[in-house]
Every structure is written in structure tokens, then in C-alpha cells.
Amino acid sequence: MTAEQARLRAAITDRRGAVRGPFEALLRSPVPGGLLEELSTYCARESALPERLRELALLVVARRFDAQHSWLAHVGKAVAAGVDPAALERLARDEPPGFGRADEAVLHRFAVQALTDHFVDDDTYAAALAEFGEQGLVDLVIALGTFTTLALVLNTFQVDLPPDREPPFPDVRGFRREDQPLPAPGEPLTAPTRQVPLPSRRLRAGVTRTDITPADLTGLHPMPGSFSAVHDPLFLRALYLDDGETEVALVSLDLIEAGDITPLRERIERELGIPADHVVITATHTHNAPRIADVSPGALAHAGGPESFAYTEIVYDRVVAALREARSGARPARFGVGSGTADVNVNREEYADGRWILGHNPDGPSDKTVWVLKFESEDGEPIAVLINYAVHSTVVFGTGEISGDLAGAACRHVERALREEHGTDTVALWMPGALGDQAPRIDLGLPFGVAPTERQRARAYAAMDAQGLIVGTEVLRVADRIGETSSGVRIRAGQRTIPCPVKAGHGVMETMRQETVDTVPLRLALVALGDVALTGVSGEVITEVHRRLRAESPLARTLLVSLANDRIGYLPDDAHFDRPVHSVNGCPIARGHAENAIVDGLVGLITDLVSGGRG
């Protein structure tokens, strides 16, 4: 032991009573080791945060990095300082902890976003600043970084658990090498019986992409008019996932909408054994494509004719075949999540000439977030990328040609780039976000029914490709930046249907059909991948509803998929009903019911399935 190491050992012993945990390893580099020990002392004992929050910050990091030694050393201190032990038990199980105190809930949300997404959204930042003040917020960020470094030291050098303690996390095996402690300074760090902690669950993923372009275009346009040609093909993209206990299926269709998809989900359960309430099927909402399935009673949706129902059966067959193929080809996988931004959407509820129209309202609410869920093989080969973004795929609406539009262009760009880089047939699934009030920034720009000139048509397709390129490029950037992926992902899934009082549509298109009934079924879905909630709603949800859902969800990363398993109409928040905008006129649910049913229903699903551990 060098003189510097001896001085550091004496200083640590004087301050802490003994050299334990990560500090045995840090003795080998005494200068930064000493600075880190002093900084950790400040963060744990002297920062502007109260002791209760200092201890909680350490435990959140410990759980995020599976630092079991840190957890066992501090969980008792956190309870003694006033943190709810039941909430900590849930945190240890990697479930939403449900902290009862506002400052604890804000700290947890802030820490999860910072450690996982590497960024913090504006709402969470504002809440943290209000709770902790400027110095407290800076101290929190420093603490998260410091405790992360200590966690990496603990896990890299496999610091043992105390001999009388069991591993605290049910999904990770603990280090137990009591007969072989960490060597003293000067001795080799390598040991012949290194034990890597292995998650008890193993994720598997399988994907397929299948052409669903109709061979006969007759009678398939869901709005007035007809399709004259195919500009680019339509696809279904299917992702199968299982964690050894739970199977789920996610399907994206290049269609304007899918009505009540219950018969298809029930068929998938009969033929493949995947539970119907573990299946989420959505449409990319390209308006240059057919619709499928029937309209739910009370819904405001485009009614299809006999050609549409014949095409529906074709799509159903191909979905079942695609999922069968994806399931048979499933392989061990790792999962990660990240987010970025793309400014190709704009609020479309514009007030002009004394009335509300569908236009461009740059001052209206608009969420630019691009969510990316990445699935890769154990050796890093990309399997699938799930894209969640809020925009209508209506750039080329009015050309009268079959096209995947903006969503299809984005997926093609991602798939082509990954194929060129990795030589793989990676699948990019587009699952639309809260798009009910979001238009593309640039579109054909003609009144409905006016045929474009060849020059206008060419410009529209160029705008489609350009905006798809912007989103697709951001997806690739975010996917590359996702550094932390895991195979130990627990999957939980479930659905519920809420009958809501019907409101008649007003000023809607003549192809919209609404059956006279008392209630309309609002279908909600949840697929939770670890602490990521992929929620589904059976309509075109608007921005403010998703914002409220994110704020109230127990999971910091709560995504929303519109048009999931049905399309009953537009679903605005209650405040929207004060003005006759398009989303209110096309909403089939009475005021005071849609927003609360969505938010309360999905928060309840997340709480029941994720916190309760079912699924």
C-alpha cells in the first residue's frame, strides 16, 4: 500500500468508521478516489436536500443500476428518515413505487428521466425546481452522477453483499463470494470465480413485414372518391415479444383506420394462444389507404362497403400469418428506449374568418417528441424499432393514390438505413401518438375534392419524403444514442373497455356512420415493458389528454398510441368543448367523460398491472 493509499484509508476510516463498499476499490486510485469519497459524503450527508430525499436519491440510483450493496447499506436509513417502506419494497421489485409525498414523487420522476432518457422534460424540470430550489436541484443532479459512479464501481469490481444479507432485488442475482473478498491494494483485482448478475427473465422478440397493398382498388376509398393507382405499397408490421411468462403482439397497419378489431384479436388467441387482451393493433392513419373492420355501435367512423369487408378478411389472414412467423422466428433480445424531437407536426385547429377550420395553428398545443423503442439481438444486431409520434399522415391526401404517406416514408427510411448499415431486415413499426389535433407542416394544400396538377402532386410527394426523412433520421439518431439495453424486461399487459354516454356528431363527413345507441365502447390497452408504459386508446386522442396522462401516470415514460384496437372518433379534453372545433364535432362521447375515462382508466390499468404485478 502506498503512502497516498494509506492516507486515504485513514481518512475514510476516520469519517466512516471503516473502508467498506466501493471504497476498497477506490483505494487503488487514491487521488480521484479521495475526491469521489468527499463528494459522496457531501451528497449523502450535507447537500441542500433533506436527509429523506438524499437517501431516496441514492436508492433510486441503486435500483436503476442494480447496485445491491448500496441498497442494503441505505434502505434502513431511508426508512428511518421517513420514506415509506412499502414504496421502497415496490421500488426494489422494479415497480412504480407510488410515493405519497409530492417531493419524493418528483425526485423519482426526475431521476428516472435523467438516468434513463439522459434528458428531463420541461414539466418535470419545473416541478423539481419548485420543490427543491436552485441549489437543491443542482445538488440532486450532482448526487445522481456521484451515486451512479459508485454503483458502477460496486458492480464492476463485484463488491460482496454482507454475508448475512440476501440479494434485495428479485430480478437480479446477488454477488456472493464471501470466501473470496476483494483483494487488498497491491494484489491483482482479477478473480477466477467472477459472477455476473443475471436477470431472471429473458426477453425474446420476433418481427415480420408483409405487403397488404390491395390488388383491386375498387370501392376501397373510405371517403368520397376512389383510388386510381398505387404510388407506394402498404405494409403490416408485426412485433412479437415474450419474457418467458407473458406474450404480447404489436401490429401496425398502413391504413387510415381499423374499426372494432375484436374478432381478429380473438382469432389470434384461438390460433396462436396469445391472449386477446395482450394484442394491440393500430393504423398509421395514412388517408391514402383503405379502412378495415366494422364500426362500433355509437362510434363516428368511416363506414366501409362490401369491398372493404372483403379486404378486411385478407388483412386478417395476413396478420395471423405474420404473427405466426414472428413468433416462430423470435430470438433472445435486448430492449432500450429513448426520445428525441421532430418539428414536422403542427396544431391544426385554426380560427380564421370568424370560425374554426382545419388549418395550421403554430401557437396551439403540439408535442414534438419522437419516442423510440429499440429491440436488438444479444450481439447488438437491430431487430425492430417502434416509432411513436403524433401527426396525421395526410401529406398527399387528395392525390387519389395508395400511399403509406409520411409514416410510411419514415419507416422506409429507417429500414433502408439499418439494412445498409447492418445488413439486417430490421422492421420499423409506426404507432401514432396523440394525433387528433396534429397536422403535417406541409401537405398538398388543396381543398378536398380538388384534383392536383402534376406539379402539385410531385411537390406533395416530395414533401412526404422530406418530412418522413426528418422523422426517420431523428429515429436513427435516438436509436444510436440508446446506450442501455436490457434482456431482463418484465412484460405486463391488459385491456379494459369503458362504456361512455354517446354524443351525436356534428358537421362530419357524409361517409361517417354513427348508430343511435346510449353508449359507445372506449377501448383502453396497456403493454408495459419494464417501466415503459405503451398505452392504447381506441380513437384520435388530442395533445392535452396525453399531457394529463403523462402527468398522472405512475410511470415516468408513458407513451400513448391512438387508434388502438378500434377507431370510435376524436377524443378531446373537456376544455375543448367550449369551442366548435373539428375534434369536438367528431367526438362520439359526451362532454365530461372522454378525458377522465382515458386518464383514469389507463392510470388504473398501469397501477393494477404494474404495481400489482399481474399480467
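**Figure 1. Residues that meet between helices α9 and α10 in the predicted model.** On the α9 side, the contact is made by P263, L264, R267, I268, E271 and L272. Their partners in α10 are Y316, D317, V319, V320, L323, R324 and R327. Sorted by class, the residues in this contact comprise 8 nonpolar and 5 charged ones, with no polar residue.

**Figure 2. Crossing of the axes of α9 and α10.** Two packed helices are described by the angle between their axes and the distance between the axes. Helix α9 spans residues 262–272, and helix α10 spans residues 306–328. Their axes come within 10 Å and cross at roughly 40 degrees. Angles under 35 degrees count as roughly parallel and those from 65 to 115 as roughly perpendicular, so α9 and α10 are oblique to each other. The crossing of the two helices is right-handed.

**Figure 3. The second largest pocket and the residues closest to its centre.** Rolling a probe the size of a water molecule over the atoms shows where empty space is left. The second largest pocket holds about 980 Å³ of space. It is lined by 40 residues, of which H287, L358, F397, L446 and F448 are the closest to the centre.

**Figure 4. Make-up of the lining of the second largest pocket.** The lining has 17 nonpolar, 18 polar and 5 charged residues. Strands β11 (355–361) and β16 (438–440) each supply at least two lining residues. The largest share comes from β11, with 3 residues.

Key. Residues numbered from 1 in each chain as written. Predicted model: local features only at pLDDT ≥ 70, side-chain atom pairs only at ≥ 80, totals over all residues. Heavy atoms only, no water. Axes fitted to C-alpha atoms, helices over the stretch in contact; angles between N-to-C directions. Helix = DSSP H or I, 4+ residues; strand = E, 2+ residues; numbered from the N terminus. Parallel < 35°, antiparallel > 145°, perpendicular 65-115°, else oblique. Left-handed = near helix turned anticlockwise from the far one by under 90°. Contact = heavy atoms within 4.5 Å. Nonpolar A, V, L, I, M, F, W, Y, C, P; charged D, E, K, R; others polar. 1 Å grid on protein atoms, 1.4 Å probe; cavity = no way out; pocket = protein on both sides within 12 Å on 5 of 7 lines; lining within 4 Å. Points joined across faces, edges and corners; volume = space filled by probe spheres on them.
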